[in-house]
Amino acid sequence: MRTKEEYLIRYKDGNLYCELADIWIDPSKPVKKALITHAHFDHFTFGCEEYISTKETAILIKERAGDNIKIKTFEYGEEFKINGIKISFHPSGHILGSSQIRFIFAEEKWLISGDFKLQKDETCKQYEIVKTDYLISECTFGLPIFKWDETNKIANDISKWITNSPEKTSLLFCYSLGKAQRLLYEISKTNFKGNIYSHGSIYKMNNCYKELGIDIKDTIKIESKKKIDELKGSLVLLPPSLSKGSYLKNFKNIQTAFASGWMSIRALRKRSGYDKGFAISDHADWDGILEVIKKSEAKNVFFHHGDSEALSKYLVEKESINILFFGK
Amino acid sequence: MSLNKFSELFCDLDSMNSTNNKIEVLKSYFLSNEPIDNSWAIYLLTGKSNKRFISGRYLKNLFAQIYKYPQWLIDTCYLKVGDSAEVITLLLKNKTTSRHKELSNISLNELLSKTIPELSKLNEKEKNFKIKNMWETLPEDNHLIFNKILTGTFRVGVSIGLITKSISKLINIDEEIISHRLMGNFEPSIDSYKFLVNKNINLQELNSKPFPFLLANTIEDKIFKHSINDFQFEWKYDGIRMQLIKRSGNVSLWTRGQELVNESFPELVEKMSHIKDDFVLDGELLVWNFKEQIACDFSLLQKRINRKSPTRSIQIKYPIIFIAYDLLEINGRDIREIKLENRRIELEKYFSKCQNKTENNISDIFKICDLIFPKDWPDALTYKEKSRENNTEGLIIKKKTSIYSSGRKKGIWWKYKVDPMQLDAVLIYAKGGSGRRAGLYTDYSFALWKDQELIKFASAYSGLTNIEIKELDKWIRKNTIEKFGPVRSLKPEMVFEISFEKIQISKRHKSGIAVRFPRITKWRKDKKINDADSLDNAYELMKKIS
């Protein structure tokens with residue numbers, strides 16, 4: 001048994017850290033050198049001296065955080081070395097540019113899954129199975145009650161929700177980066193053919209996706225002084241941060257919905273305050289996490305993000321997988 | 001029509017906040033479905049019955065057994081979801097691979113009048129097999145409804161009022177009439193639905209049914225601007241609100257919860273049936289101390305409530321009384337539209353004689369509610385403060401000119417409750433909530449000091465705002481000492497003001513006291529745990545009151 005200081009990757013000050021390479025993974029505070037799995041702001045922090053990511057992630061980060069950030073980029077699958085450790089990015093299927101990161105040192109393989117999903121998503125590269133000895137996985141939806149429906153079923157439900165209330169403006173709340181573009185892509189394949197508006201923060205990300213070659217429908221940037229009649233029967237994509245407070249007063253006769261994996265639970269749906277919830281997620285569901293653990297052939301698993309107590313116990317009992325606990 | 005339609009209706013109602021939308025959805029459901037299915041839908045949606053065919057625990061065990069899930073994993077899921085029927089529904093997703101969904105066209109009527117009643121008669125093995133079979137042959141969208149009906153947890157945000165409104169709009173008949181038709185027992189049948197939507201109003205048909213109850217609102221400051229002479233004052237008794245009906249010789253006792261309780265109180269039915277007149281009285285049923293002419297504690301009434309056909313000795317041990325507040329109908333004449341002060345005159349005219357006359361004496365079980373006559377509002381306040389002395393909860397204030405309409409109508413009747421008793425206590429345990437509060441720690445236990453020790457004295461669930469609940473939930477997760485299943489013991493740090501209605505000695509509790517209706521009235525962030533009250537304070541409070 002190794003002590004936790006002897007693992008290639010471990011927790012230091014609440015963040016994942018590889019001491020041999022002196023490099024941090026998605027650190028929550030400024031450090032010298034940081035590997036970034038994807039461009040969501042809970043995985044990126046300002047002020048690091050140097051960032052390393054995929055090309056797409058770098059572009060999305062710069063679009064959101066400004067140009068004068070130093071980011072070194074690599075292609076998926078391209079190996080690079082830091083202090084003798086081989087490192088490479090692999091698609092994780094979460095959002096455009098998102099990646100798993102593999103480390104190889106002294107014939108020992110480590111894989112950080114990053115945020116991932118297995119479901120098909122036309123707006124980013126499909127999750128790639130990567131073999132490893134040690135797996136550090138996310139566990140956002142680590143209970144068997146979470147099972148995602150096919151994406152096109154959810155898209156059709158959304159389409160029906162809009163078209164059933166032609167006199168209303170349908171406000172759909174979703175994360176600006178990733179979820180919004182995926183929804184946009186899927187909804188444009190449904191029967192709903194009305195106008196789609198998006199909030200500035202989403203509009204900006206849409207453009208970025210398009211520049212990176214993702215084929216998504218054009219939307220109209222929402223202006224606060226839009227005529228109410230124009231919006232009747234349309235879909236408006238908004239970030240969740242605007243769901244509470246005075247912003248909604250800009251609209252009349254609305255119905256609201258939230259697109260998130262948590263919406264599969266009735267109590268959470270009711271408590272959320274939205275009229276409706278669509279259970280669609282960019283994270284893996286229970287079966288997805290189990291599949292990745294199995295196919296990665298990892299013998300040792302460590303969970304990072306989310307409540308992993310139940311999943312850990314299940315894996316130990318049912319699959320005889322060794323669960324590591326690094327502490328924080 | 002099929003169960004699918006009802007599942008859709010449930011889903012629609014569940015995801016709508018606007019009352020108007022809900023009414024529209026209900027209307028179109030009633031229009032497009034068979035009367036028999038409509039009557040079942042009303043039966044389920046109004047919660048007329050929540051009969052439990054099997055327990056949530058049973059359902060979870062069965063699922064674990066069939067699909068080889070560890071029990072603890074299902075329990076963990078339950079903590080997040082808060083409803084057994086929903087947990088099983090979520091876990092069943094993609095599990096039932098059978099492509100033959102033979103039951104995809106089963107009707108609501110067939111499910112409720114045949115399948116489920118038959119299922120509940122089977123022995124355990126057959127029952128398990130049948131439930132598994134239902135899971136496999138019902139379309140996935142219907143699992144939730146099926147599981148909820150089985151476990152008797154069918155609740156959705158639809159009130160009787162909403163059903164009343166939709167039916168009223170559907171056939172263009174006054175809500176009052178529909179509401180009256182919906183009172184009391186509702187046995188699902190083609191006839192009961194047809195009766196509900198009958199466009200001809202036949203008062204005879206409503207004979208055995210109570211009128212919709214008129215309810216009081218919490219007092220508002222603006223009332224004090226009015227002259228005290230505009231109002232009638234009564235004590236607010238803590239019993240069972242009831243309509244006592246005698247029509248065509250038959251007596252029926254209906255509670256506000258629309259239950260017929262004749263069997264629990266046969267002595268009242270017997271006595272009242274000797275009165276010559278027909279009538280509908282609104283009043284309160286209590287266990288009464290006849291020697292001191294004062295209401296007994298609600299706990300004594302509880303000994304009678306759920307006991308059908310009570311023995312003679314029970315009847316003597318817990319003697320009941322009906323206190324009449326109001327007369328709504330006399331000898332077939334509906335007088336709800338006349339003013340309260342005039343109804344009171346009628347009430348006294350017909351019933352004071354029954355209290356005195358020897359040949360028809362009912363004074364050992366019946367009493368007209370005494371009125372109180374405060375001189376002015378400060379005097380009314382003094383009466384209110386005294387209400388604990390005669391075991392009442394405060395005052396009921398009624399506008400003398402009010403007619404007897406239905407529901408919690410604003411601006412005519414008020415309740416003026418005595419200020420609650422309060423103690424500052426320390427939060428020591430928290431438990432996960434269920435239903436809407438699943439996944440949050442919302443059930444709390446509070447303690448008082450005894451020497452250097454904190455002794456649990458009450459549990460409370462209500463009183464915090466949603467924002468406070470979330471904040472406290474976060475704190476609870478960070479300050480857990482130990483977990484026992486769903487319960488966490490907590491670092492004693494947080495002080496809350498707990499209000500309650502009654503305090504009494506209890507041998508069943510470690511603290512030696514029991515309180516009624518405890519609730520959180522303030523998060524005392526300004527207080528340290530040493531500032532919290534002690535059990536001695538609680539005993540003092542008890543002494544002061546008795």
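In which loop of chain B does Ser264(B) lie?

Mentor: The model is a predicted one, and Ser264(B) lies in the loop between β4 (250-255) and α13 (266-272) of chain B. Ser264(B) counts as buried because 21 other C-beta atoms lie within 10 Å, and the threshold for that class is 20 or more. Leaving aside residues up to four places away in sequence, Ser264(B) touches Arg304(B), Ile305(B), Arg307(B), Lys308(B) and Pro310(B). Leu285(B) is 21 residues from Ser264(B) along the chain, and the C-alpha atoms of the two are separated by 12 Å.

As to confidence, chain B has a mean pLDDT of 88, and 96% of its residues reach 70 or more. The model as a whole scores ipTM 0.91 and pTM 0.74.

Lys68(B) belongs to the loop between α4 (56-67) and α5 (71-81) of chain B. With 8 other C-beta atoms within 10 Å, Lys68(B) is exposed, since that class takes 12 or fewer. The phi of Lys68(B) is positive, about 55°, although the residue is not a glycine. Phe517(B) is found in the loop between β20 (513-516) and β21 (519-523) of chain B. Phe517(B) has 12 other C-beta atoms within 10 Å and is therefore exposed. Its phi, near 50°, is a positive value in a residue other than glycine.

A serine of chain A can be described in the corresponding terms. Ser28(A) lies in the loop between β3 (23-25) and β4 (33-35) of chain A. Its 13 C-beta neighbours inside 10 Å are the reason why Ser28(A) counts as partly exposed. Not counting residues up to four places away in sequence, Ser28(A) touches Gly14(A), Asn15(A) and Thr45(A). Between Ser28(A) and Lys160(A) there are 132 residues of separation in sequence, and 40 Å in space from C-alpha to C-alpha.

From the loops I turn to the helices of chain B. Helix α3(B) is mostly covered, with 10 of its 11 residues buried. The buried residues of α3(B) are Ile36(B), Asp37(B), Asn38(B), Ser39(B), Trp40(B), Ala41(B), Ile42(B), Tyr43(B), Leu44(B) and Leu45(B). Their cover includes α1 (3-14), α2, α7 (108-121), α10 and α12 of chain B. Just after α3(B) comes Gly47(B), with a positive phi of about 60°.

Helix α10 (residues 160-171) of chain B, named above in the cover of α3(B), has buried residues of its own: Ile160(B), Ile163(B), Thr164(B), Lys165(B), Ser166(B) and Ile167(B). What covers them includes α2 (19-32), α3 (35-45), α11 (175-181) and α12 (190-196) of chain B. The length of α10(B) can be checked: at 1.5 Å a residue, its 12 residues should span 16 Å, and the end C-alpha atoms are 17 Å apart, which agrees. Asn172(B) follows α10(B) and has a positive phi, near 60°.

A further element of the picture is a packed pair of helices. Such a pair is described by the angle between the two axes and the distance between them. Helix α6 (residues 84-92) of chain B packs with helix α9 (residues 143-151) of chain B at an angle of about 145°, and the axes are 8 Å apart. The crossing of α6(B) and α9(B) is right-handed. On the α6(B) side, the contact is made by Ser84(B), Ala85(B), Glu86(B), Ile88(B), Thr89(B) and Leu92(B); on the α9(B) side, it is made by His143(B), Leu144(B), Asn147(B), Lys148(B) and Thr151(B). By class, the residues of this contact of α6(B) with α9(B) are 4 nonpolar, 5 polar and 2 charged.

Finally, there is the contact between the chains, which takes 16 residues from chain A and 20 residues from chain B. On the side of chain A that touches chain B, the elements giving two or more residues are α6 (266-272) and α8 (309-319) of chain A. The largest share of that side, 5 residues, comes from α6(A). The residues of the side of chain A that touches chain B divide into 8 nonpolar, 1 polar and 7 charged.

Methods:
Residues numbered from 1 in each chain as written. Chains lettered and ligands numbered in written order. Predicted model: local features only at pLDDT ≥ 70, side-chain atom pairs only at ≥ 80, totals over all residues. Axes fitted to C-alpha atoms, helices over the stretch in contact; angles between N-to-C directions. Helix = DSSP H or I, 4+ residues; strand = E, 2+ residues; numbered from the N terminus. Left-handed = near helix turned anticlockwise from the far one by under 90°. Contact = placed C-beta atoms within 7 Å. Nonpolar A, V, L, I, M, F, W, Y, C, P; charged D, E, K, R; others polar. Expected span 1.5 Å × (residues − 1). pLDDT = per-residue confidence, 0-100.
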